[in-house]
Amino acid sequence: MKKYLKGLALSICCVIGLTTVGFSAMANNVNAGDTPYTRDGAIANVEGIELITGDYSAALNANGSKYLYESRNHKNLRSDDIGGTDLGIPFYNSKNDTMYILYGDTYGTGRAETESGEDDSRNWRSSVMAISTDYNLADGLTYDGWWRGDSNQAEAVIEGKHIPTGGDTGTIKKGTERTKIPQGGIEVNGVVYIYYESIRNFGTAGTWRVNYQGVIKSTDNCQTFERVPDLTWFPDIDNHGDYAIYSAAESWEDATNTDVLSEADITPQMLADAKAKIPNAEERNAPYFAQCYPVDGKDGYVYIFGRRAGRQHGIKVARVTYENIEKFDEHEYYTGNDANGNAIWVKGLDGLKALDNDTVGYVLASGKDEPASNMSVMWNEYLGKWMLFYFRPAIFADGNGVQLYPPMVCFRLSDTVWGNYGELHEVIEGDFFTRQGSKNASGFVGMDDASSFTFSKELTFYAGFVHEKYQEENGKVFYFIATIAGVYNSALFKVTLN
């Protein structure tokens with residue numbers, strides 16, 4: 001009997017206690033990059049709707065046997081060989097009234113069939129993209145299909161080189177690229193732009209190094225793509241910069257070229273050709289724009305929210321007019337406010353240099369000490385505010401490893417798109433799947449038995465993405481997509497505000 005995963009949150013109001021459980025055990029004088037937050041009643045309810053991707057995502061019942069769930073999209077997941085994937089970043093193309101949802105490293109169906117993960121690398125694609133015209137998410141999110149390029153199944157929108165990043169000692173090879181991960185997309189005047197990071201290597205949990213932040217575009221409703229070389233930020237230009245510049249200048253078609261594995265393989269002429277495509281490449285030192293998310297500010301500007309590589313840092317922002325979006329030098333960078341509270345924007349390389357400072361330009365109220373990852377931004381009409389939605393990793397006390405705050409999906413609000421984004425509002429804790437619940441009326445809606453169960457401890461959360469098109473009741477209700485780490489697939493959640 002097939003069971004469809006409806007109500008994934010296990011009655012989150014009960015399990016997580018968004019409106020009933022406080023943090024009284026936490027000292028009020030804790031300083032971990034943010035003042036301790038309180039349950040302020042902003043959120044009335046959070047409900048899990050369903051698994052969006054995932055063909056054989058396994059949970060454990062009380063006896064240790066598996067329940068197997070299928071996404072409503074299981075047919076095209078199988079036909080497009082998508083067994084495991086993460087993220088799920090939505091963006092809208094008004095030109096064809098279509099939503100596109102960007103996913104990161106994606107594996108074939110063998111991934112989800114094996115708990116041990118021995119088939120993890122089967123049909124590895126760095127970034128795939130779902131296509132949807134479903135705007136009624138109350139009963140789930142239906143995908144029309146996946147971007148296939150010239151293939152008969154889902155292909156990478158921007159493919160990584162998949163070069164191993166170290167030997168037995170874990171040392172970093174010079175000038176390698178492990179993968180390319182999408183960060184967000186936007187349509188401006190009929191042209192689609194997708195922002196992505198080129199990851200050199202992964203380190204310990206929540207850390208990685210980035211060669212460059214780049215952009216691809218499509219002028220034909222995402223039928224084909226091409227690289228926009230001038231839209232390149234180099235977060236680590238002093239380390240393996242020649243390789244970063246060379247690889248950033250490659251065309252979309254050459255994204256998987258592995259002829260060059262280190263700086264030693266790059267001739268002076270090859271480097272000169274690359275620099276001709278990316279003017280002033282060596283001066284584009286942009287550590288705070290390793291990962292970029294774009295959003296329409298509805299004021300004639302596109303705002304690009306930037307973060308350092310990894311999950312452990314705060315957020316800064318740049319902006320550019322619609323007509324100049326493809327011009328790197330026309331981007332302006334937010335460096336703070338003047339004495340009258342007006343935003344200060346500094347253009348081009350001067351702006352980047354002004355931001356190369358750990359004390360200026362942060363858009364969150366908690367500044368540089370707030371770890372933020374997997375972010376998105378939208379206007380919420382119900383609140384009359386901009387909402388910055390993100391995954392916040394666990395925060396530990398310095399030196400003793402004591403967890404001060406759990407990992408969570410959360411949001412902050414601001415009157416202006418560039419911030420300052422104020423009080424933190426927790427949506428769900430990232431490890432709530434380790435708790436027990438029941439599959440009755442308050443649990444998995446639509447299940448046909450009410451036996452109790454426990455999710456395996458590996459089923460933790462990360463990511464969390466919103467879009468203004470995925471709202472109801474003028475924004476009082478909105479949906480977000482999060483990743484369940486233990487089964488490496490995405491799920492849909494519904495949030496109702498008070």
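A residue counts as buried when its relative accessible area is under 20%. This cut-off is applied below to a predicted model.

View 1. Of the 8 residues of helix 4 (residues 241-248), 7 are buried, so the helix is largely enclosed by the rest of the structure. The buried positions are Gly 241, Tyr 243, Ala 244, Ile 245, Tyr 246, Ser 247 and Ala 248. Their cover includes strand 11 (208-218) and strand 12 (226-227), together with helix 5 (268-277).

**View 2. The largest pocket, with a volume of about 910 Å³.** Its lining comprises 43 residues, and Asp 86, Phe 202, Trp 208, Arg 311 and Tyr 462 lie nearest the centre of the pocket. Two or more lining residues come from each of strand 5 (87-93), strand 9 (179-188), strand 10 (191-202), strand 13 (291-296), strand 18 (373-380) and strand 26 (461-465). Strand 9 contributes the most, with 4 residues. Divided by class, the lining holds 22 nonpolar, 13 polar and 8 charged residues.

**View 3. An open sheet of 4 strands in the order 18-19-22-23.** The pairing in this sheet is antiparallel. Strand 18 and strand 23 (425-429) form the edges; each has a single partner strand, so one side of each is left without a neighbour in the sheet. From one strand to the next, the twist averages 20 degrees.

**View 4. The pairing of strand 19 with strand 22.** Strand 19 (residues 385-392) and strand 22 (residues 408-414) are joined in the antiparallel sense over 7 bridges. Trp 386 stands opposite Ser 414 of strand 22.

Technical notes:
Residues numbered from 1 in each chain as written. Predicted model: local features only at pLDDT ≥ 70, side-chain atom pairs only at ≥ 80, totals over all residues. Heavy atoms only, no water. Buried < 20%, exposed > 50% of the residue type's maximum accessible area, 1.4 Å probe, protein only. Contact = heavy atoms within 4.5 Å. 1 Å grid on protein atoms, 1.4 Å probe; cavity = no way out; pocket = protein on both sides within 12 Å on 5 of 7 lines; lining within 4 Å. Points joined across faces, edges and corners; volume = space filled by probe spheres on them. Nonpolar A, V, L, I, M, F, W, Y, C, P; charged D, E, K, R; others polar. Pairing = 2+ DSSP bridges. Axes fitted to C-alpha atoms, helices over the stretch in contact; angles between N-to-C directions.
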